[in-house]
Amino acid sequence: MALEKVIVVGAGPSGLLLTLLLSRASIPVELIEQTEGLDTNPRASHYSPESCHEFDRAGILDEVREAGFIPDGVSWRRLEGEDKSRLIKITNPALKPGDDPESAAFRHRMVCLPLHKLGKILETHVKSQGTAEIKYGRKVVEIGEDADKGKAWVKVEKADGSTEIREADYVVGCDGANSIIRRKLFGDWVYPGYTWDKQIVATNIYYDGFKDVDFDDSQFFVHPEHWHMVARIQPDGLYRVTYGEIGGLTYDQLKERQPAKFQAILPGNPTPDKYGLVNFSPYKVHQRCVDRMRVGRFLLAADAAHLCNPFGGMGLTGGIADVGSLYDSLRGIDNNKADDSILDKYDEVRRRIWHEVIDPISTENMQRLFQYQNADEFVDKDPLYKLVREMQNPDKKLEKGGPPNASVTVSQRWLWS
């Protein structure tokens, strides 16, 4: 059946991307957002080949690549020592003479662009679509279905306090970890999974000291106390530094500890006058997934449906993959190539991928940073270290330790997807 309208709730990257994909397929979409505009916080984002595939389908990949940059790769390092030496490195594929830059292998290489800049690109494209409309300043307060009409509806409250009912064939909750759609479907405190006993502090900084060390564009530091990640996120030298902290501390306690933490983990052991702290964002870390991503004419995607820790970018990649799968399902219904039951398959497959791929791998990505007593134990025991070293030396028996700056050119999917 031809779809009359889809309502998407939440104008984050996933909601905007789904709106753009559907509207480009001539499916009318109404995007509802509680706030008055896009989030402008420069959060880090590395987009995997799978994400770039979806950006290509949405017609924005070229702009994303132009606005961002292609990172050189990612490494795991020792914290100790002035050089903070690499243990292993995975490199982003580089073009060689004769390679086709437009082939999927190179066109869809990992690209880095902060989320707020991606959001602006998506918003601009959505606004250019005649079949899409963004409505800011609308808070969903009730939801329901009209069986006689075969429609789902949401009651929204506007800034002036007035309310209105909006109807559509389907309503998709892309409204993040605190999703009102999920809470209305299952209850305010129903989100199966657990919260880590460790906290994460995400910061954005400018620091000239990064120029004095042989850092890659992204690196993870293996240490039982001072485990962290450092990644360049803008060509102008803005870096994301995300580090682990003791669970249960307040915002003020974490902020008080930040200077000492930076002095312990950053090259050169800088004092606060040596760097510019742009953002400081502590948050709890969750591994959660709903029991159903479809309830009647309501669907969930991305953080509204599942959460994981940020190390490896699998939450973002999984959310974008949700969007691509849901777009294909809704377009199939619109084109009479699939019936409504395809949405049950969307629910089944995407939840299975979270449980079998995203959750276990993201958990390992985080645990490997702090579970070893030191970097030597990481070298002795870590499966990823052994895998990369074996790929680097396929005809040789793996020797303990290996060269100090080991690297291998493989697909970034080992880490990011």
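**Notebook: strands, rings and a helix**

The model I am reading is a predicted one.

**Entry 1: strand β1 and its partners**

I7 stands opposite E30 in β2. Four bridges join β1, residues 6–9, to β2, residues 29–32. These two strands run parallel.

Then I checked for β11. V8 stands opposite V172 in that strand. Four bridges link β1 to β11, residues 170–173, and this pairing is parallel too. I noted the background: strands of a sheet pair through backbone hydrogen bonds, either parallel or antiparallel.

Which way do the side chains of β1 point? V6 and V8 point one way, and I7 and V9 point the other way. All four are buried. I recalled the rule that side chains in a regular strand alternate between the two faces of the sheet.

**Entry 2: the whole sheet**

I stepped back to the sheet. Six strands form an open sheet in the order β7-β2-β1-β11-β18-β17. The pairing is mixed. Which strands are at the edges? They are β7 (132–135) and β17 (294–295), and each pairs on one side only.

I also traced the chain from β1 to β2. Together with helix α1, residues 13–24, these strands make a β-α-β unit. I recorded the unit as right-handed.

**Entry 3: aromatic rings**

How many aromatic pairs are in the whole structure? A search finds 16. A pair is described by the distance of the centres and the angle of the planes.

I took F262 and Y275. Their rings are edge-to-face, 5.1 Å centre to centre, with 65° between the planes. F262 lies in helix α7 (residues 251–265) and Y275 in strand β16 (residues 275–289), so the pair ties together parts that are 13 residues apart in sequence. Both residues are buried.

I took F378 and Y385 next. This pair is edge-to-face, with 5.8 Å between centres and 65° between planes. Both F378 and Y385 are buried.

I also found one aromatic cluster, formed by W76, Y194, W196, F220, W227, F311 and F370.

**Entry 4: charges over rings**

I looked for arginines over rings. The charged end of R182 sits over the ring of Y191, 3.8 Å from its centre. R232 lies over the face of F69, 4.0 Å from the ring centre.

**Entry 5: helix α8**

I checked the length of α8, residues 314–334. At 1.5 Å a residue, its 21 residues should span 30 Å. The end C-alpha atoms are 30 Å apart, which agrees.

Is α8 enclosed or open? I wrote that 16 of its 21 residues are buried, so α8 is largely enclosed by the rest of the structure. N336 follows α8 and has a positive phi, near 60°.

**Entry 6: G248**

Where is G248? I found G248 in the loop between β15 (239–246) and α7. Is G248 buried or exposed? Its relative accessibility is 69%, and the cut-off for exposed is over 50%, so G248 counts as exposed.

I listed the contacts of G248, leaving aside neighbours within four places in sequence. They are Q199 and Q253. I also compared G248 with Q287: the two are 39 residues apart in sequence and 17 Å apart in space, C-alpha to C-alpha.

Key: Residues numbered from 1 in each chain as written. Predicted model: local features only at pLDDT ≥ 70, side-chain atom pairs only at ≥ 80, totals over all residues. Heavy atoms only, no water. Pairing = 2+ DSSP bridges. Phe/Tyr/Trp six-rings, centres within 6.5 Å; stacked < 30°, edge-to-face > 60°. Buried < 20%, exposed > 50% of the residue type's maximum accessible area, 1.4 Å probe, protein only. Lys NZ or Arg CZ within 6 Å of the ring centre and 35° of its normal. Expected span 1.5 Å × (residues − 1). Right-handed = clockwise from strand over helix to strand, strands pointing away. Contact = heavy atoms within 4.5 Å.
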